[in-house]
2 protein chains.
Amino acid sequence: MPKMSDVARLAGVSTATVSRVLRNPDAVKTGTKEKVLEAIHQLNYQPNMLARHFRRTETKTILVLVPNIINTVFAEIVGGIEEQASKNGYRVLLRNTARKLEREYGSIEHLKQRQVDGMIMLSPQLDEATLNEISSQFPIVLATANLETPKIPFVSIDNVSSSYKATEHLIRLGHKKVGHITGPMDSLLSRHRNEGYRKALGDYGLDIDEQLVRRGHFSYESGFEQMMDMLGQNHVPTAVFAPSDEMAIGIINAAKEHQLRVPEDLAVVGFDNIRFASMFNPSLTTIAQPLFKMGQRSMELLLKKLNGESISQTEHLLPDELIIRDSCGARKKGKLLHN
Amino acid sequence: MPKMSDVARLAGVSTATVSRVLRNPDAVKTGTKEKVLEAIHQLNYQPNMLARHFRRTETKTILVLVPNIINTVFAEIVGGIEEQASKNGYRVLLRNTARKLEREYGSIEHLKQRQVDGMIMLSPQLDEATLNEISSQFPIVLATANLETPKIPFVSIDNVSSSYKATEHLIRLGHKKVGHITGPMDSLLSRHRNEGYRKALGDYGLDIDEQLVRRGHFSYESGFEQMMDMLGQNHVPTAVFAPSDEMAIGIINAAKEHQLRVPEDLAVVGFDNIRFASMFNPSLTTIAQPLFKMGQRSMELLLKKLNGESISQTEHLLPDELIIRDSCGARKKGKLLHN
DNA sequence: TCCAACAATGTAATCGATTACATTTAGTGT
DNA sequence: ACACTAAATGTAATCGATTACATTGTTGGA
């Protein structure tokens, strides 16, 4: 494996000049440059990246922390990040936290040791104080995370307004008893989606019936179980808003177990617009998050930080969209009733 | 940021000793070791990994090449790889090839430049000669890939026997007209699944009706379209084997479009046992691949290579399983008809 | 023609951990 | 107590690219 000094010798110049040809070509005369490039070509020289990274204290690598890579929502964001990263000469280190707090802490070590230049955290669980602390020392960006007091750049959608929109849609279809199964309430994201739901009911003069609000945790299972339980009572909703598509599917399957037709007997709106939302039966009305774009944007922001550019805003809310399909009952034989 | 020489000074020893305490503690007297550890603690010293990696020409990082991270099948394998890697002090670099051959070639550069210690390729598209060439120079392992002439360790399931099993299951349920929509035929994996299907029909004395065999490419869309087309003909199967669950769902939806009931009018068996297989309606009978385990195993094999251990076998076929649910008609009211 | 000013190139120190080799210390057997 | 081996520690070179600073070359203007 030839090194820079070999190239220098062959080209009859110093290593400094070779280095300049590589990293700052304008500082070298054309003739010299050609000699060097020719030597590089002849020897098939590749710079030793480990040496470069060591010397420059940079890695051209970023860390992406994912709660669970198997979740398509995260996988899609990671896809966006990776695309934008590799387009800009950065590599992506993937780390699964399995939602364990200690693994999030562990990643800080990685930054401290300069093993990566920056980090993007998807749905971090660390508290804001800790996150701010990290952010003051290292370039980080958050994705799918909202902050109470935003000091760190983050990319998200407006979870309150999107949930409002979803709930409103059900209300405008004539539903008075709109239920909601929440995500885990220690997550601000879940609280926001809950807030949007409540706001919509309030704005339309509907009382919030706490019996129709259950706590879940985004999963199919929690949607199914909570809905089974709710339908076991004699007090039952005619529509439900779920903060994830998986949950919505669980809810629909629970309804089917109870011989209810969806959307006729129970209208359902989900969240995320995962790939299967359109394949399911009935196809899911849902809020589409621009996941891939969110990933790209997160990386763009991180790149700015890495290049020392200032980021004016911290909140980066991308537009979401209510996608109307069959699970809400707004479409009859391909025709839309409203919206 | 304190460095090793700072620790050495504080502990009153040489850097060599500090280095030994860190990497080869048995070579240092207990007393000295304690002094050094105390100094490390006092200074909150963290070794500079970039320096270490440079000096040792190793990165403790492996590259994982994925055709498409958004595909849950790959995401799950990556999950297994990541788990096993981080357990062993390795980090995982993720690279999406987007099924582009040039990106697979690009990854070889990464290896050449010693930016990673090894690589795991998921469903590589490179030809075997090229793969062998890479493998002779660098530690690599393949996952979800079968090889015609196996010289490189790879982890897979036996795609022929699993497809045989799936098809046989349909035949034993009484079906004579069993169709198949294939994956892309430039992939050995697809050809193997096709082979298993044909073998089963042959073994049970059924002729292969080429009108019932269509070419697709694993996707929902291709399943839907091919099935729509097939059902448009007057020559129609009573059962279909699909080489992916996504495709199976597409097939079922196409059947529904044609007012066919599944499994009564058309029995369907899928492949992969993705998360949604059990949530779909009807729930999918499918071949379960141990994806997470396949990821783990791939990493285990790579670790062996990285540690210079010899790997006796190249073929590592993990057990798959036929999961019987509702889409094949073998279960009636919770009871199994056979198997 | 000569010198100032700048461009181009070279010299050598540097990044921080590792490790071959040298030296010192401890331990063993007679 | 002595010689000798083994254990413990130290010294200093090394990995390869980068870059501050030094030196040489070039150009334009008087």
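How many salt bridges are there between chain A and chain B? In this predicted model, the count between the two chains is four. One salt bridge links A:Glu221 to B:Arg275, with 3.2 Å between the closest N and O atoms. Polar contacts were also examined across the interface, and 17 residue pairs, both members at pLDDT 80 or more, were found in polar contact between chain A and chain B.

Several secondary-structure elements of chain A contribute to the side that touches chain B. At least two residues each are supplied by helix H4 (49-56), helix H5 (72-87), strand S2 (91-96), helix H6 (101-112), helix H10 (220-232) and helix H11 (245-257) of chain A. The largest share, seven residues, comes from H5(A). Sorted by class, this side of chain A comprises 19 nonpolar, 14 polar and 12 charged residues.

In terms of contacts, 45 residues of chain A meet 46 residues of chain B. The size of an interface is often expressed as the accessible area that is lost when the parts come together. Between chain A and chain B, the buried area amounts to about 4200 Å², and carbon and sulfur atoms give 62% of this area. Three residues, A:Leu50, A:Arg91 and A:Phe276, supply 15% of the area that chain A buries against chain B, more than any other three residues.

The two chains are also joined by strand pairing. S2(A) pairs with strand S2 (residues 91-96) of chain B in the antiparallel sense, over three bridges. Within this pairing, A:Leu94 has B:Val92 in S2(B) as its bridge partner.

Aromatic pairs were counted over all chains, and the structure holds seven of them. One of these is formed by A:Phe276 and B:Phe276, which are stacked with a centre-to-centre distance of 4.5 Å and 10° between the planes. This pair crosses between chains: A:Phe276 lies in the loop between strand S9 (267-272) and strand S10 (285-288) of chain A, and B:Phe276 in the loop between strand S9 (267-272) and strand S10 (285-288) of chain B.

Backbone geometry was considered last. Most peptide bonds are trans, and most residues other than glycine have a negative phi. In chain A, a cis peptide bond with omega of about 10° joins A:Val262 and A:Pro263, and A:Pro263 is placed in the loop between H11 and S9 of that chain. In chain B, the peptide bond from B:Val262 to B:Pro263 is cis, with omega near 15°; B:Pro263 is found in the loop between helix H11 (245-257) and S9 of chain B. A:Asp272, located in strand S9 of chain A, is not a glycine, yet has a positive phi of about 120°.

Terms used: Residues numbered from 1 in each chain as written. Chains lettered and ligands numbered in written order. Predicted model: local features only at pLDDT ≥ 70, side-chain atom pairs only at ≥ 80, totals over all residues. Heavy atoms only, no water. Contact = heavy atoms within 4.5 Å. Buried area = accessible area lost by both parts, 1.4 Å probe. Salt bridge = Lys/Arg side-chain N within 4 Å of Asp/Glu carboxyl O. Polar contact = N/O pair within 3.5 Å; in protein donor to acceptor, adjacent residues only side chain to side chain. Helix = DSSP H or I, 4+ residues; strand = E, 2+ residues; numbered from the N terminus. Nonpolar A, V, L, I, M, F, W, Y, C, P; charged D, E, K, R; others polar. Pairing = 2+ DSSP bridges. Phe/Tyr/Trp six-rings, centres within 6.5 Å; stacked < 30°, edge-to-face > 60°.
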